[in-house]
Amino acid sequence: VIFENSNDASIEVAQEMANLIKRKQLSNKRCVLGLATGSSPIRVYEELVRMHQEEGLSFENVVTFNLDEYLPMDKENTQSYHYFMHEHLFNHVNIHPENIHIPDGKTPSTTVVEYCLSYERKIKDHGGLDFQLLGIGRTGHIGFNEPGSHYNSGTRVITLDHITRVDAAPAFLGIDNVPRKAITMGIATVRSAKRIVLLGWGQNKADIIKKTVEGEISSHVPATYLQNHKNCTFVLDTGAGSEL
Ligand code: GLP
């Protein structure tokens, strides 16, 4: 779906998420959301916060699993995805802290494999992801599933692509400060969601969006694995959709 601008698009996506949360509330069920970081979802979170503050949208029944986190990374570090999520969403809504799951960037290397498996298990124990929000990186990554990521991959440690580190460099005041690794949900984890919405804004995403939507399904562009998901929508603005 191509919108005139990212603001209108973000409001529409936030509305869909709010409707899902409310529908689950009516049947006394938890609503399990897979959440993303980066600049793309910021306006969606802003709108969810507004709906909480002005319309009483409750996050009482919401359980969240974030896609990824840098490794190593302290929770308190302002570059962490942990910090990002609290800043943009969790600090402003009534979500129970125990319902928030974000990969721990301080997991020691000796236990990180087990940690990733337990993250995966926790998602399953909650009945799986009802909704997964995604952005897309210039390498075609979703979460931090860089080129080469396998279709069947689960939550694991990944080595970040050079392009990804270049894109993150300004936030870290130089590429040397960008971590080389991350913990990310896998392609299979993302694809297990019942509903997926990928956000893409601006002309600089147009090329990767074209490859993702119209290109051959391949691990070279991991986001192409979304092509054969049963319920996935790409929500774009005119810039990101301009090459389609
Ligand atoms: C990071 C995140 C991704 C995100 C991507 C794009 O690499 N790990 O989940 O989709 O950035 O970020 P932006 O939305 O700022 O373009």
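Analyst: The ligand is surrounded by 13 residues, the closest being Gly-38, Ser-39, Ser-40, Gly-135 and Gly-137, where a residue counts as near if its C-beta atom, placed from the backbone, lies within 6 Å. This is a predicted model, in which local features need pLDDT of at least 70 and side-chain atom pairs count only at pLDDT 80 or more, while totals for chains, interfaces and linings use all residues. Residues are numbered from 1 along each chain as its sequence is written. By class, the shell around the ligand holds four nonpolar, eight polar and one charged residues; Ala, Val, Leu, Ile, Met, Phe, Trp, Tyr, Cys and Pro count as nonpolar, Asp, Glu, Lys and Arg as charged, and the others, Gly among them, as polar.

As for the chain, seven helices and 10 strands are present, taken as DSSP runs (H or I, at least four residues, for helices; E, at least two, for strands) numbered from the N terminus. The C-alpha trace spans about 45 × 45 × 35 Å along its principal axes. Of the 244 residues, 42% are buried, that is, they have 20 or more other C-beta atoms within 10 Å of their own, with C-beta atoms placed from the backbone. Among contacts with a separation of 6 or more, 80% join residues 24 or more positions apart, a contact requiring C-beta atoms, placed from the backbone, within 7 Å. Val-13, for example, touches Val-44, Val-197, Leu-199 and Val-235, leaving aside residues up to four places away in sequence.

Note on methods:
Buried ≥ 20, exposed ≤ 12 C-beta atoms within 10 Å, placed from the backbone. Contact = placed C-beta atoms within 7 Å.
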